[in-house]
Amino acid sequence: MIDSPKNPPKELSDTDRNNLINRIDELEGLLAKKKAESKQAKLPRLKVGTDGIPVLVDPLNEENLNPDTDREFRQIKHDDQLINDIINKVDKEISADLDELIFMLKDSIIDEVKTRLLKEFQINKDSSENKE
């Protein structure tokens, strides 16, 4: 039986054909309904590009936004502004703290250098006095 030719596809019965046609009509009706809903909601239409990535058919701008989408965009802008404000505040505080730490570190280094130089100077002075 391995060498037998493949069976040709079976012909659809009238009942199967009618069921298939009814299902296709039902799907086309659902697609038409969704298309009408998207036009009412002013949702952007998409098409699939040659690379399979959906792209906007109509550019998205403020005139064709529905109120819910507009409200979401305004909330996103508000949230972004709030985040930026927090980041700027933290940046200023950190910069001020770092500036203070750098100042303290510089003072400490200068004091340490002075102390060592004075010790070296005193050691050199004492050793020169002892030689005399």
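1. R23 is exposed, with a relative accessible area of 54%. Exposed here means over 50% relative accessible area, buried means under 20%, and partly exposed lies in between (1.4 Å probe, protein chains only). This is a predicted model, in which local features need pLDDT of at least 70, side-chain atom pairs count only at pLDDT 80 or more, and totals for chains, interfaces and linings use all residues. Residues are numbered from 1 along each chain as its sequence is written, and side-chain values use heavy atoms, leaving out hydrogens and water.

2. The overall layout comes next. The protein chain has two helices and two strands. Read from the N terminus, its elements run α-β-β-α. Helices (H or I, at least four residues) and strands (E, at least two) are DSSP runs, numbered from the N terminus.

3. How much of the protein chain is buried? Buried residues account for 2% of its 132 residues. The chain exposes about 12800 Å², and carbon and sulfur atoms supply 58% of that area. Accessible areas come from the Shrake-Rupley method with a 1.4 Å probe; for residues, only the protein chains shown count as cover.

4. Now the charge pairs. Side chains of opposite charge can pair when their charged atoms come close. How many salt bridges does the structure hold? There are two. The term requires a side-chain nitrogen of Lys or Arg within 4 Å of a carboxyl oxygen of Asp or Glu.

5. E26 counts as partly exposed because its relative accessibility is 44%.

6. A salt bridge also links the side chains of E112 and R116, at 3.0 Å from N to O. What separates this pair along helix α2? About one helical turn, because E112 and R116 are four residues apart. E112 is partly exposed at 40% relative accessibility. R116 is exposed, with a relative accessible area of 56%.

7. The surface also carries a nonpolar patch of about 850 Å². Its members are L82, I86, V90, I94, L98, L101, I102, F103 and M104. Patches take residues with over 30% relative accessible area and no salt bridge, joining like charges within 9 Å and nonpolar side chains (Val, Leu, Ile, Met, Phe, Trp, Tyr) within 5 Å. I86 belongs to helix α2 (residues 67-131). At 48% relative accessibility, I86 is partly exposed.

8. Which residues form the patch of negative charge on the surface? E93, D97, D99 and E100 gather there. Asp and Glu count as negative, Lys and Arg as positive; His and the chain ends are not counted. Each charge is placed at NZ of Lys, CZ of Arg, CG of Asp or CD of Glu. E93 lies in helix α2. E93 is partly exposed, at 43% relative accessibility.

9. Last, L12. L12 sits in the segment before α1. Is L12 buried or partly exposed? With 41% relative accessibility, L12 counts as partly exposed. Leaving aside residues up to four places away in sequence, L12 touches R17 and L20. Contact means heavy atoms within 4.5 Å.
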